[in-house]
Amino acid sequence: MYRIDFNKLRFLICDDNPHMRRILRTLLHSFGAREVYESEDGATALEMYTHYVPDIVITDWSMPIFDGLELAQMIRQPESKGNPYAPIIMLTGHSEKRRVTVARDAGVTEFLAKPISAKGLYQRILNVVANPRPFIKTKTYFGPDRRRNTTNTYIGPERRGSGEVEVMQQPSLLEKARSSI
């Protein structure tokens, strides 16, 4: 078990609901975070992302201008400004399997259904910090490995082909955020 020093991490919250932003900010501050930036839409979030280079992005799915899904896709462009490897935690009130799959395919790292809890948020943050997944680059996808179970014994129809796949280890936030207790 690791203890994370949230004071060493930078967060970007993107949600069009000011009450939800306040809840998230309050939770992050209660965890120990001090650098928490906020945006009410995807366009402003993208500007803030390139300017502040946050370690973790927490975004709502549904927002004006462009939504959290489009934000994730823009962040995940390898040639984009900023860090395309930054973990993205998607918040939404709609947690159907189809939506989780669409978010995963857009490069979202973790998914959290509303209403959120402090424990749920903390667990997602701990997971992206302590257990970063490798990044996969193919012709059509760049983002965290969509498979959580990476056994080589899988032989089903969705088995990843051995051609034209580049696997890159994601820079870990653990060394940056590890607490010295």
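Predicted model: local features only at pLDDT ≥ 70, side-chain atom pairs only at ≥ 80, totals over all residues.
Residues are numbered from 1 along each chain as its sequence is written, and side-chain values use heavy atoms, with hydrogens and water left out.

The protein contains 6 helices and 8 strands. Helices (H or I, at least four residues) and strands (E, at least two) are DSSP runs, numbered from the N terminus. Read from the N terminus, the order of elements is β-α-β-α-β-α-β-α-β-α-β-β-β-α. Of the 181 residues in the protein, 44% are buried; the term buried stands for under 20% relative accessible area, exposed for over 50%, and partly exposed for values in between (1.4 Å probe, protein chains only). A contact is defined by heavy atoms within 4.5 Å. Among contacts between residues at least 6 apart in sequence, 67% join residues at least 24 apart.

An open sheet is formed by 5 strands in the order β2-β1-β3-β4-β5, with parallel pairing. Its edge strands are β2 (35-39) and β5 (110-113), each of which pairs on one side only. From one strand to the next, the twist averages 20°. Strands of a sheet pair through backbone hydrogen bonds, either parallel or antiparallel; here, two strands are taken to pair if DSSP finds at least two bridges between them. Strand β3 is joined to β4 (residues 88-92) by 4 bridges, and the two run parallel. Within this pairing, Ile58 has Ile89 of β4 as its bridge partner.

Helix α2 (residues 42-52) packs against helix α3 (residues 68-75) at an angle of about 30°, with the axes 9 Å apart. The two helices are therefore roughly parallel. Axes are lines fitted to C-alpha atoms, for helices over the stretch in contact, and angles run from 0 to 180 degrees between N-to-C directions. Angles under 35 degrees count as roughly parallel, over 145 as roughly antiparallel, 65 to 115 as roughly perpendicular and the rest as oblique. Gly42, Ala45, Leu46 and Tyr49 of α2 make the contact with Leu71, Met74 and Ile75 of α3.

Ile58 lies in strand β3 and is buried, at 0% relative accessibility. Beyond residues up to four places away in sequence, Ile58 touches Phe11, Leu12, Ile13, Cys14, Leu24, Leu28, Ile89, Leu91 and Leu121. Ile58 and Ile125 are separated by 67 residues in sequence and by 9.6 Å in space, C-alpha to C-alpha.

Leu28, one of the residues touched by Ile58, belongs to helix α1 (residues 18-31). Leu28 is also buried, with a relative accessible area of 0%. With residues up to four places away not counted, Leu28 touches Phe11, Ile13, Ala33, Val36, Ile58, Leu121 and Ile125. The C-alpha atoms of Leu28 and Phe6 are 7.9 Å apart, across 22 residues in sequence.

Asp60 is located in strand β3 (residues 56-60). In an unreviewed UniProt entry, Asp60 carries the feature "modified residue: 4-aspartylphosphate"; UniProt positions are given in the numbering used here, feature names are shortened, and annotations may be inferred rather than shown by experiment. Asp60 counts as buried at 7% relative accessibility. Apart from neighbours within four places in sequence, Asp60 is in contact with Cys14, Asp15, Asp16, Gly68, Met90, Leu91, Thr92 and Lys114.
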